[in-house]
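Take a walk through this fold, one stop at a time. Keep the sequence at hand as you read.

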Amino acid sequence: MPSLRRSRPAVVILSALVLVVSLLTPAHAWTDFVLPATAAENNTLVSVARKPGNLDVFWIRDDGAVMTTVWSDSWPVWETRVVAPAGSAQPGSFSGGLAAVARNPDHLDVFWIRPDSGVSTSWWDAAAPQWAVPRSISPSRSAMHGTLAAAARNPGQLDVFWITPAQAIGTTAWNPVHDWRPYWTITPNFSAHPLGGAVSVVSRARDHLDLFWVRPDGGVSTAWWHAQANWPSRSIAPGGHVKIGSSRAPVRSALTAISRRPDHLDVFWIGPDGGIGTTAWNPHADWPAPWPIAWPGAAAPGGLSATSRSPGQIDLVWITPDGRVQHLSYDERLPGAWTRLAAASAQRALPGPISLVGRRPDHLDAFYVRPDRSLGSAWWHTERVRVHLKLVNLPGHDMTPITNALNDARTVLATAELGVELGSVERIQVTGMDDVDVRPCRARPDNHQVSTEQASLASYRANASATDVVLYVVGSITPAGVTGCGTHPAGQPGAVIRYDAGRWTLAHELAHVIALSHVPCGVPPCSQHHNRLMWDNFGFLTKPVPELVADEKTLLYESPLTFF
């Protein structure tokens, strides 16, 4: 075989830089920091996003004060305030009981359980920006310390729920006409697990409520209310599914529920083995048998929070036994299971309460108690990869096919919530690069075995940082029939793409560079993989857009080449 080595190319820049963006080192995945909040009791934590640019976080201080800290994008400083003075709420690990609701963008209602086992509330409104004097909404000895849930099923209605000393579910409700009604119970006595019990409520449609609680046997029940249903109830998980304690060895149970669409409910809990269990309801699936979504030992007792930042999406967080904040994400657009990311490193969080809020479809904020009793926060934003296009020895070629291919890459990577940012475009003339030999092209992110020509071409990275991807568009590739290769020298991420490559080649090779390998076939003909972006032959594609799966999203987000 004749030598493949050629003389070192010379490069001439033919056109000016079209666009250059910042070359700063990218931020990556979740970012955590400390809030100006101290002496937090490790029993209850609540966060609310009443507007996309606002965050309100509530906790109980160790002297029983109800506290809040506030963030606004327009005034990006956390401001801490007192909602109710010392002695208002019951401190202690198995005490607490706190809930907050934003029934309109300029209004907040907060609820807590008092030391005398009654329930109180305060409210804030933008028109009168001081917190109102607290008032009682249920008498003493009506609520067990530990759990409280609230919902606004319409802007003029509030509903609050708790566990009574007789282990029933107690409730009261408010509207402008009737004020707060005397509390009543909606279940028989001994329906709910007492010390360390859990209650969660969802309003998935106007004037509709779905309530969930942990039973004394460690199962999960639900009850619902609307104009034609006055709190009928049923079991949705048999006994033994939720981790519960006893009077001698109390454990705070963890249960949370969300509605990702008005016709869908998802409920999650921490099981006796420390795994995460779930079940769901929609018009076609009436609470099927529970199933696990996280491994045994995944979660410490006491804290679980979920949100749906856009229809069809679920984000779930909890505290791991080693003090990490763990994040699972589910997206109906991605086949497969859940995407898994760590939101904060070890020893950052105490086992216990955690609160998650999705204030925009592309943004999450999580809050937790740190070992020094301050409040920690971790935030996540959708990520992107920055690419630079270099058209090699193609001085008069139309940019349209490359622009279309880049937009197609944006389309398919957007299903994994990954953006593609164009950093620059250049036309360059490189001696000897009319045809680029890419052999052996192993097509694995961890393989950096490249040809001499690839190595030479990869050294030309004008305007690109070490974590930017350079896509070299060339007229011809050897061997014949190859239209792209994402193998690149270590530390020089890039790919070679043939100018006349097929529609999805650029997306496929870009995904190789970022993190992904080909889909393994297993037993031929592997037709179940033919619609995957990382299948090595698009000739069998039957869907309009090739698919990425949940595990691939995890790899994309863990890559050092993707950033906020």
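What follows looks at one helix, then at the aromatic rings. The model is predicted.

Begin with helix 1, residues 400-414. It has 15 residues. From its first C-alpha to its last it reaches 21 Å, close to the 21 Å expected at 1.5 Å a residue.

Which residues of helix 1 are buried? They are I402, A405, L406, D408, A409, V412 and L413. Viewed down the axis of helix 1, these buried residues fall within an arc of 160 degrees, so they line one face of the helix. An α-helix has 3.6 residues a turn, so residues three or four places apart point the same way.

What do the buried residues of helix 1 pack against? Three of their partners are strands: strand 32 (383-392), strand 33 (418-430) and strand 35 (469-474). The others are helix 3 (505-514) and helix 4 (550-558).

N404 also belongs to helix 1. Its relative accessibility is 41%, so N404 counts as partly exposed, since buried means under 20% and exposed over 50%. The C-alpha of N404 is separated by 11 Å from that of A501, although the two residues are 97 apart along the chain.

Now turn to the aromatic rings. The structure holds twelve aromatic pairs. One of them joins F111 and W180. Their ring centres are 5.8 Å apart and their planes stand at 80 degrees, so the pair is edge-to-face. This pair links distant parts of the chain: F111 is in strand 8 (residues 107-113) and W180 in strand 14 (residues 179-180), 69 residues apart. F111 has 0% relative accessibility, so it counts as buried. W180, at 13%, counts as buried too.

F268 and W338 form another edge-to-face pair. Here the distance is 5.9 Å centre to centre, with 85 degrees between the planes. Again the pair links distant parts of the chain, 70 residues apart. F268 is in strand 21 (residues 264-270). W338 is in the loop between strand 27 (325-331) and strand 28 (339-344). F268 is buried, with a relative accessible area of 1%. W338 counts as buried at 14% relative accessibility.

Ring pairs also build a cluster, made of W71, W78 and F367.

R181 lies over the face of W184, at 4.3 Å from the ring centre. K553 lies over the face of Y557, at 5.8 Å from the ring centre.

Technical notes:
Residues are numbered from 1 along each chain as its sequence is written. This is a predicted model: local features need pLDDT of at least 70, side-chain atom pairs count only at pLDDT 80 or more; totals for chains, interfaces and linings use all residues. Side-chain values use heavy atoms; hydrogens and water are left out. Helices (H or I, at least four residues) and strands (E, at least two) are DSSP runs, numbered from the N terminus. The expected span of a helix is 1.5 Å times one less than its number of residues. Buried means under 20% relative accessible area, exposed over 50%, partly exposed in between (1.4 Å probe, protein chains only). The arc is that of the directions from the helix axis to the C-beta atoms. Contact means heavy atoms within 4.5 Å. Rings of Phe, Tyr and Trp (its six-membered ring) pair if their centres lie within 6.5 Å; planes under 30 degrees apart count as stacked, over 60 as edge-to-face and the rest as tilted. A charge sits over a ring if NZ of Lys or CZ of Arg is within 6 Å of the ring centre and within 35 degrees of the ring normal.
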